[in-house]
Amino acid sequence: MNELLSKENLDYQERAREVAEKFVRPVAAELDRTGEYGWDILEALKSYELTGAWIPKEYGGQDAGVLNLCLVVEQLSRACGGVGVAFAVNALGSFPIIIGGTEEQKQKYLPPIASGNSLIAFGLSEKPSGSDAGSLRTTAIKDGDDYVVNGQKKWNTNGGVASTFTVYALTDPSRGMRGISAFIVEKDTPGFTVGKREDTMGIRTVPVNELEFADCRVPASQLLGHKENVGFKNAMMTLDRARPGVAAQALGLAQGAFEWALRYTSERKQFGQTVMSHQAIQFMLADMATQIEAARQLVYHSARVIDSGAANVNKIAAMGKVFATDTAMKVTTDAVQLFGGYGYCRDYPIEKYMRDAKITQIYEGTNQVQRLVIGRALTRELKELTDHLDVVVEHFPEVDG
Ligand SMILES: Cc1cc2nc3c(=O)[nH]c(=O)nc-3n(C[C@H](O)[C@H](O)[C@H](O)COP(=O)(O)OP(=O)(O)OC[C@H]3O[C@@H](n4cnc5c(N)ncnc54)[C@H](O)[C@@H]3O)c2cc1C
């Protein structure tokens, strides 16, 4: 599985694996049970120099790109999917600033995230606007040197622990999604509060909260890039770059569950032989291993395409997300099946993988929406993909319609 990774990639993978095995796996069940944030894990990530891997060097990061980010998320998620996303969401929150921030904003906000001394969250979704993110309703109306923000955000991952938030709001409500702008909001801004924490099925170590804005005055200097009405494009570009991180979380979950399934079926005996030695089970394990390997190659490829600086990464990022997250759901469900009744009980680690995997098919664009993205790209590319068939098509009998 490591054949095509560079020395630098292997180094990130190895360091992340060490953090996962030493600091994450021993506490994963406890964090899931209590819902506590893994502060000691964050300290370990800092000391292994893994925080801010994706942030450019001039802002305190390592410029290590999306592939290395994915390798770290995959390893953390092998041990705990909640810890995997707690790490990855800092990339989701900081990509808007990397993509669209002014030099001053980058200098101010990226170094504390790169060092791990500050956490960041991404506020796009609202109660009425999830998949249809362009229909968001929070407003940010200019008043003197400030924008007055009113509204509510829903499902803000890292909400309860972040000190910085990238928030999307309408600066020109009459223009719909073309009137959306992005802001950097600091936690202690008057009028801004982190609200209700969601009681989630999985990823329970990471707080997911509502955000409330009540006449919250955000200084105009916090308008991302000092440009109004380009926020929606910024959000879409951010999601394209962040989706391999979700895909890597899914990949790590699938790999982690698979390893448990291998171990368990090689020890559990029924009908006088190990469960693993029944051919029907061998076939299941073979399918799981094959699907995971296919997902891995697509996720790494999508990350490499983004790191290459390619202009259009929309389709490949969506493909990686769909395939890896559907794989994670299938593999973790099969892993529970392979544990039999024990798989359904919390004494064993396997049901948590299945609970953690489910969200990967939902957030950062549901898999239905990812398929829409891929379908639209195929429609755009239709001519390029099929022009060479003209030579045969012209001999077809005429078809109506
Ligand atoms: C735990 C968690 C963490 C999250 N973290 C964040 C975060 O940090 N920041 C943030 O901004 N958001 C976050 N989200 C929000 C997440 O991205 C949305 O939940 C997601 O985009 C789906 O939106 P929705 O829940 O409103 O579902 P809806 O959009 O209402 O969708 C309902 C169903 O309809 C389907 N559907 C919708 N439109 C179409 C269509 N056109 N064609 C086919 N099917 C369609 C969907 O796929 C889904 O199955 C988080 C959500 C959760 C649950």
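Reader: How do the residues of the shell around the ligand divide into nonpolar, polar and charged?

Author: The model discussed here is predicted. The shell around the ligand divides by residue class into 8 nonpolar, 7 polar and 1 charged.

Reader: Which residues come nearest to the ligand?

Author: There are 16 residues around the ligand. Those that come nearest are Ser125, Ser131, Trp155, Thr157 and Thr366.

Reader: How many Å separate a nitrogen atom of the ligand from an N or O atom in the side chain of Thr157?

Author: Polar contacts are counted for N or O atoms within 3.5 Å. Ser125 places a polar side-chain atom 2.7 Å from a ligand nitrogen atom, and Trp155 has a backbone N or O atom 2.9 Å from a ligand nitrogen atom. For the side chain of Thr157, the distance from an N or O atom to a nitrogen atom of the ligand is 2.6 Å.

Reader: What percentage of the ligand's accessible area does the protein cover?

Author: On its own, the ligand has 970 Å² of accessible area. The space that the ligand takes is the largest pocket. Of the ligand's accessible area, the protein covers 65%.

Reader: Which element supplies the largest share of the shell around the ligand?

Author: Domain 2 (120–228) and domain 3 (233–383) each contribute at least three residues to the shell. Strand S3 (146–157) and helix H11 (367–380) each supply at least two. The largest share, 3 residues, comes from S3.

Note on methods: Residues are numbered from 1 along each chain as its sequence is written. This is a predicted model: local features need pLDDT of at least 70, side-chain atom pairs count only at pLDDT 80 or more; totals for chains, interfaces and linings use all residues. Side-chain values use heavy atoms; hydrogens and water are left out. A residue is near a molecule or strand if one of its heavy atoms lies within 4 Å of it. A polar contact is a pair of N or O atoms within 3.5 Å; within protein, one must be able to donate a hydrogen and the other to accept it, and residues adjacent in sequence count only if both atoms are side-chain atoms. Accessible areas come from the Shrake-Rupley method with a 1.4 Å probe; for residues, only the protein chains shown count as cover. On a 1 Å grid over the protein atoms alone, a cavity is a set of points where a 1.4 Å probe fits but cannot get out, and a pocket is an open set with protein on both sides within 12 Å along at least five of seven lines; lining residues have an atom within 4 Å of a point. A molecule sits in a cavity or pocket if more than half of its atoms lie within 2 Å of its grid points. Helices (H or I, at least four residues) and strands (E, at least two) are DSSP runs, numbered from the N terminus. Ala, Val, Leu, Ile, Met, Phe, Trp, Tyr, Cys and Pro count as nonpolar, Asp, Glu, Lys and Arg as charged, and the others, Gly among them, as polar. Domain bounds come from an automatic or database domain assignment.
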